[in-house]
Number of protein chains: 2
Amino acid sequence: MEKEWRRSMPLLSMNIVMQLTGLTARQIRYYEEQELVHPARTEGKQRMFSLDDIDILLEIKDLLKTGVNIAGIKQIFEMKNSPITSKEVRQVISDRELRAIVKEEMHLAQRQQRASLRQGDLSRFFR
Amino acid sequence: MEKEWRRSMPLLSMNIVMQLTGLTARQIRYYEEQELVHPARTEGKQRMFSLDDIDILLEIKDLLKTGVNIAGIKQIFEMKNSPITSKEVRQVISDRELRAIVKEEMHLAQRQQRASLRQGDLSRFFR
DNA sequence: AAATAGTTGTTAGTTTTCCTAACATGATGT
DNA sequence: ACATCATGTTAGGAAAACTAACAACTATTT
């Protein structure tokens with residue numbers, strides 16, 4: 001019975017998400033506008049959030065609190081979704097794309113360093 | 001973070017509960033009127049359901065489908081809340097009622113095994 | 001057959017919640 | 001000082017949920 005709960009099922013409405021995360025509606029909508037989170041919509045276009053969305057929002061909240069800005073969070077999320085470590089991946093990605101990614105990764109590294117110097121340890125967000 | 005998720009937390013709004021249970025709003029409100037389920041309310045008086053509430057509603061739906069009426073369901077729920085010995089039961093419940101209830105309880109046992117499979121596909125409600 | 005009771009549908013009118021879009025504001029970085 | 005970022009605030013409108021009443025269908029009783 002518990003197993004059928006998919007963390008990705010959009011079950012939660014705005015009000016509840018605000019309570020669960022402590023964020024304002026404005027903040028949540030802004031993070032969606034910045035493409036950090038992608039809640040589902042009802043037929044009437046109202047947002048419906050999943051537990052996964054809650055996790056993402058809490059992570060955003062945490063990262064913002066430690067001084068990372070939206071752009072930085074975007075990079076961090078991209079890293080989590082596509083770790084480019086393996087050779088196979090390199091074969092699939094074009095040279096131009098690869099150069100862009102590497103360049104971004106270096107910028108990201110700088111940002112991380114700055115952030116951690118100022119604010120604290122970010123290592124727990126990486127695996 | 002995962003621990004904050006309580007089955008008794010009222011997180012779900014009407015629309016979602018309708019989808020999860022396959023019941024109409026009218027039915028759900030009627031069952032509340034009959035005191036079979038007791039959803040929480042927002043400040044604006046809107047119903048908020050917990051996972052436990054969902055279970056109850058699914059059980060109501062099942063019992064109704066097998067021919068038990070609201071009064072019978074009420075009795076069954078009372079039995080579950082305060083398990084009493086068979087002698088006492090006979091004093092309170094007529095023979096006919098008892099037979100019906102026992103029959104349904106056996107069905108219930110089967111049903112609870114099936115329960116995890118019963119949820120419908122919600123994906124069509126979202127894009 | 002008619003009446004009754006139980007369960008759900010339907011409708012109307014209202015309230016609550018959520019939406020988008022725009023402009024305002026305080027903080028931060030250049 | 002000025003620009004950018006993140007959020008607040010407001011206005012107007014749309015969606016979702018509410019209550020209450022009445023209708024309808026079913027099954028049971030008289």
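Residues count as buried under 20% relative accessible area, as exposed over 50%, and as partly exposed in between (1.4 Å probe, protein chains only). The model described here is predicted: local features need pLDDT of at least 70, side-chain atom pairs count only at pLDDT 80 or more, and totals for chains, interfaces and linings use all residues. Residues are numbered from 1 along each chain as its sequence is written, chains are lettered from A and ligands numbered from 1 in the order in which they are written, and side-chain values use heavy atoms, with hydrogens and water left out.

Chain A contains six helices and two strands. Helices (H or I, at least four residues) and strands (E, at least two) are DSSP runs, numbered from the N terminus. Their order from the N terminus is α-α-β-β-α-α-α-α. Of the 127 residues of chain A, 35% are buried. Contact means heavy atoms within 4.5 Å. Among contacts in chain A between residues at least 6 apart in sequence, 59% join residues at least 24 apart.

An unreviewed UniProt entry annotates residues 11–79 of chain A as "domain: HTH merR-type". UniProt positions are given in the numbering used here, feature names are shortened, and annotations may be inferred rather than shown by experiment. The span is 61% helix and 6% strand. The C-alpha atoms at its ends lie 27 Å apart.

Helix 2 of chain A has a buried side. Its buried residues are Ala25(A), Ile28(A), Tyr31(A) and Glu32(A). These residues lie on the same side of helix 2 of chain A because they cover an arc of only 130° around the axis. The arc is that of the directions from the helix axis to the C-beta atoms. An α-helix has 3.6 residues a turn, so residues three or four places apart point the same way. The buried residues of helix 2 of chain A pack against helix 1 (14–21), strand 1 (40–41), strand 2 (47–48), helix 3 (51–65) and helix 4 (70–81) of chain A. The face turned away from the buried side carries the exposed residues Arg26(A) and Glu33(A). After helix 2 of chain A comes Glu35(A), with a positive phi near 65°.

Glu32(A) sits in helix 2 (residues 25–33) of chain A. Glu32(A) counts as buried because its relative accessibility is 16%. Leaving aside neighbours within four places in sequence, Glu32(A) is in contact with Val37(A), Pro39(A), Arg41(A) and Arg47(A).

The surface near DNA strand D was examined next. A residue is near a strand if one of its heavy atoms lies within 4 Å of it. DNA strand D is surrounded by 19 residues, the closest being Thr24(A), Tyr31(A), Ile70(A), Arg29(B) and Arg47(B). They divide into five nonpolar, nine polar and five charged residues. Ala, Val, Leu, Ile, Met, Phe, Trp, Tyr, Cys and Pro count as nonpolar, Asp, Glu, Lys and Arg as charged, and the others, Gly among them, as polar. Of the atoms of DNA strand D within 4 Å of the protein, 76% belong to sugar or phosphate and the rest to bases.

Phosphate contacts to DNA strand D come from both chains. A polar side-chain atom of Gln27(A) lies 3.0 Å from a phosphate oxygen of DNA strand D. A side-chain N or O atom of Arg29(B) is 2.9 Å from a phosphate oxygen of DNA strand D. Helix 2 of chain A and helix 1 (14–21) of chain B are the elements that give two or more residues to this surface. Helix 2 of chain A gives the most, with four residues.

Around DNA strand C there are 20 residues, of which Asn15(A), Gln46(A), Arg47(A), Thr24(B) and Ile70(B) come nearest. Five are nonpolar, nine polar and six charged. Sugar or phosphate accounts for 73% of the atoms of DNA strand C within 4 Å of the protein, and bases for the rest. A polar backbone atom of Asn15(A) is 2.9 Å from a phosphate oxygen of DNA strand C. For a polar backbone atom of Met14(A), the distance to a phosphate oxygen is 3.5 Å. A side-chain N or O atom of Thr42(B) lies 3.0 Å from a phosphate oxygen of DNA strand C. The largest share, four residues, comes from helix 2 of chain B.

Arg7(B) lies in the segment before helix 1 of chain B. Its side chain makes a polar contact with the side chain of Asp55(B) (2.4 Å). A polar contact is a pair of N or O atoms within 3.5 Å; within protein, one must be able to donate a hydrogen and the other to accept it, and residues adjacent in sequence count only if both atoms are side-chain atoms.
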